[in-house]
Amino acid sequence: MGLPVGLNAVFGPPGLVSIPLMTSAKGIFAGMLVYVAGILISYTAGFILTWLFGSKDVDLG
C-alpha cells in the first residue's frame, strides 16, 4: 500500500521547517523519512528541469 504521512492536528509552514511535524501510523521517524525523501525528489527534479529548460536570455521589456 503506502505510508500515509501528514500533519494530523497541526497546520504549519511548508518545506523543511515542517519536518518535525510529520507523523504516520508507523511512527514519527518513518513519517519524517518519507517527507524528507519527497522534498529531496521534488527539489532535485525542479533543479534539473530548470537547468535543462530555463533561459537566461529573457526580454521582459
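A: **A close look at the helix**

Helices (H or I, at least four residues) and strands (E, at least two) are DSSP runs here, numbered from the N terminus.

Keep in mind that this is a predicted model, where local features need pLDDT of at least 70, side-chain atom pairs count only at pLDDT 80 or more, and totals for chains, interfaces and linings use all residues. Residues are numbered from 1 along each chain as its sequence is written, and side-chain values use heavy atoms, with hydrogens and water left out. pLDDT is the predictor's confidence in each residue, from 0 to 100. The chain averages 77, and 77% of its residues score at least 70. Helix α1 (residues 28-53) has the highest confidence in the chain, at a mean of 89, while strand β1 (residues 5-6) has the lowest, at 58.

Now for the helix itself. α1 has 26 residues and spans 37 Å from its first C-alpha to its last, close to the 38 Å expected at 1.5 Å a residue. That expected span is 1.5 Å times one less than the number of residues.

Which residues of α1 are buried? They are G31, M32, Y35 and I39. Buried means under 20% relative accessible area, exposed over 50%, and partly exposed in between (1.4 Å probe, protein chains only). Across the 61 residues of the chain, 16% count as buried.

I39 also has a partner from elsewhere. L16, in the loop between β1 and β2 (23-24), touches both I39 and Y43, leaving aside residues up to four places away in sequence. Contact means heavy atoms within 4.5 Å. L16 and I39 are 23 residues apart in sequence, yet 7.9 Å apart in space, C-alpha to C-alpha.

F47, I48, L49, W51, L52 and F53 make a nonpolar surface patch of about 760 Å². Patches take residues with over 30% relative accessible area and no salt bridge, joining like charges within 9 Å and nonpolar side chains (Val, Leu, Ile, Met, Phe, Trp, Tyr) within 5 Å. A salt bridge is a side-chain nitrogen of Lys or Arg within 4 Å of a carboxyl oxygen of Asp or Glu. Accessible areas come from the Shrake-Rupley method with a 1.4 Å probe; for residues, only the protein chains shown count as cover. I48 belongs to α1, and I48 is partly exposed because its relative accessible area is 39%.
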